[in-house]
Amino acid sequence: MAENNSILEKLDGLESRYEEVSTLITDPDVINDQQRYVKLTKEYKDLGDIMEARRRYIACLNAIQEAKELLANESDADMKEMAREELATNEALQPKLEEEIKLALVPKDPEDEKNVQMEIRAGTGGDEAALFAGDLFNMYKKYCDSKGWTLSVTSESEGAVGGFKEIDFAVSGANVYGTLKYESGVHRVQRVPATETQGRMHTSAATVAVLPEADKFEVNINEGDIKWDTFRSSGAGGQNVNKVESGVRLRYPWRNPNTGETEEILIECTETRDQPKNKERALSRLRTFIYDREHQKYVDDIANRRKSLVSTGDRSAKIRTYNFPQGRVTDHRIGFTTHDLQGFLGGNIQEMIDALTVAENAEKLKETEL
């Protein structure tokens, strides 16, 4: 019962915080402070889930206690049989509830709820790397469709024979960063390229970066310092192509807090035919870019402290190999392999993401010594 008590002690400590937060979110001063209000309502929801798990856990422990007392003191055979069933049911339920509570008590990454900006870049391998970058983009697009998430391309540069030299896109929905963050890193492909006449196998690569989208109040941008240009979007279809200057380009002088040097950030957006919308999306990308650069030190500190198996800190790490001759995909961080390569590239990546999530949660549990 000692471990049960330690779990209950942790939960009892959170009960007073839950009551405090539930009072705070009705305070007019807190409601007027948008940044604080958003954080507290998120904490209230998370604590509410833990309190519900606590209620079920206490009910389970009480049911076990009552069933044991009945078995010890009851002489009626039917009542004893009912008590035995009740005891068996709740003793099986107890470890499941304990596991659920332990995971709920693992500190959540506050970034997990955020939308993301993703970048895929063709690496070594020339035309074949660009084709592979296209395959990865299609894989993520199909996965996002299956989750009901919204994916919108912000900029792209096509490869000479297809695919992309680079493509940037935004994904919005529920818990997007928490799900896709494990995809950051170098993805490697081994296959006979469509561009290869001799039938030789090649190894090519593409890098994927997954950046949590910055909230407006997290990044301080002096909009007066932004230099805007507009230009005509080129592309297929429509009467207004090459007639209306809907494409936008922004230049922003940014002082790197880590080095003290000022550098110019250049961002283009031709995503829509609507110039104001393109401006808003370019601003969103600027916020994310600055947030990512300023935030990288924080990410590195966490990665160094945790030395996580599935660390999302190092973007130059080779994380996964897609081997076509053997029809397999292997994630090198956790040694997980699936032999359904075509299904995987068709967007069926949930099993891999689940395995990575479990591996990271197991590490976090060790750290918190629950």
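Me: With helices (H or I, at least four residues) and strands (E, at least two) taken as DSSP runs numbered from the N terminus, which helix holds Leu-70?
Reply: Leu-70 lies in helix H3, residues 34-73. This is a predicted model, where local features need pLDDT of at least 70, side-chain atom pairs count only at pLDDT 80 or more, and totals for chains, interfaces and linings use all residues. Residues are numbered from 1 along each chain as its sequence is written, and side-chain values use heavy atoms, leaving out hydrogens and water.

Me: How exposed is Leu-70?
Reply: Leu-70 is partly exposed, at a relative accessible area of 31%; buried means under 20%, exposed over 50%, and partly exposed in between (1.4 Å probe, protein chains only).

Me: And how much of the protein is buried?
Reply: Of its 370 residues, 41% count as buried, and the secondary structure comprises 9 helices and 11 strands.

Me: Switching to strand S9: what does it pair with?
Reply: Strand S9, residues 318-323, runs parallel to S4 (residues 185-191), joined by 5 bridges, and antiparallel to S10 (residues 328-331) over 4 bridges; pairing requires at least two DSSP bridges between the strands. Val-186 stands opposite Lys-318 in S9, while Thr-321 faces Thr-330 in S10.

Me: How many residues of S9 are buried?
Reply: S9 is mostly covered, with 5 of its 6 residues buried.

Me: What sits between S9 and S10 in the hairpin?
Reply: There are 4 residues between the two strands, and in this hairpin Gly-327 takes a positive phi near 60 degrees.

Me: Last one, what follows H5?
Reply: Just after H5 comes Gly-148, with a positive phi of about 75 degrees.
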